[in-house]
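Try each task before reading its solution.

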Amino acid sequence: MGGISFKSIDPQYYEFKRLCEEVKNERTVHNENLYRIYQYFTNGYDYYLDDEKTQKTYYKSDFTTRERVQLQKISNKISEYKEWLYYEDMPLLSYKDYTYKYFGIFLGGDEGAGWHINPKYKALECKNIRY
């Protein structure tokens, strides 16, 4: 057992999941060709791609989230963000994301260092629970 989370009994968690479902397909693609290549990487493929269309090699590490701006705080546990994904210096994609902060009691340590209980807050983001 890794720990106990109290999110399943929190109504705000279900509000967070509803909000994530609403923004699931809400995204603005700024460059269709780069987005096609980015999807190749998000589907678990290699770390680089030699694209025949553009005659260029793309690396997964060149696609980064550069900007994340909090738009509003919906509740004490849920916040709304706007994120921009870039390829090098070119904006590729922008989308909304939500963050849900929750409390849990987690087990830490190992056989050598000993076991201990670690109560702490964690955060979930919509992009981590995509359906």
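**Exercise 1.** Find the strand that holds E125, decide whether E125 is buried or exposed, and work out which side chain it meets in a polar contact.

*Solution.* Start with the strand: in this predicted model, E125 belongs to β8, which covers residues 114-125. Next, take the accessibility. E125 has a relative accessible area of 18%, and buried means under 20%, so E125 is buried. Now look for the polar partner: the side chains of E125 and R68 are joined by a polar contact of 3.5 Å. Finally, set aside neighbours within four places in sequence, and E125 is in contact with F16, R68, D97, Y98 and T99. R68 therefore turns up in both steps, as polar partner and as contact.

**Exercise 2.** Which element gives the most to the lining of the largest pocket?

*Solution.* Begin with the pocket itself, whose volume is about 220 Å³. Its lining has 10 residues, with R27, Y35, Y38, Q39 and T42 nearest the centre. Both α2 (32-42) and β7 (90-110) supply at least two lining residues, and α2 gives the most, with 4 residues. By type, the lining divides into 4 nonpolar, 3 polar and 3 charged residues.

Note on methods:
Residues numbered from 1 in each chain as written. Predicted model: local features only at pLDDT ≥ 70, side-chain atom pairs only at ≥ 80, totals over all residues. Heavy atoms only, no water. Buried < 20%, exposed > 50% of the residue type's maximum accessible area, 1.4 Å probe, protein only. Polar contact = N/O pair within 3.5 Å; in protein donor to acceptor, adjacent residues only side chain to side chain. Contact = heavy atoms within 4.5 Å. 1 Å grid on protein atoms, 1.4 Å probe; cavity = no way out; pocket = protein on both sides within 12 Å on 5 of 7 lines; lining within 4 Å. Points joined across faces, edges and corners; volume = space filled by probe spheres on them. Nonpolar A, V, L, I, M, F, W, Y, C, P; charged D, E, K, R; others polar.
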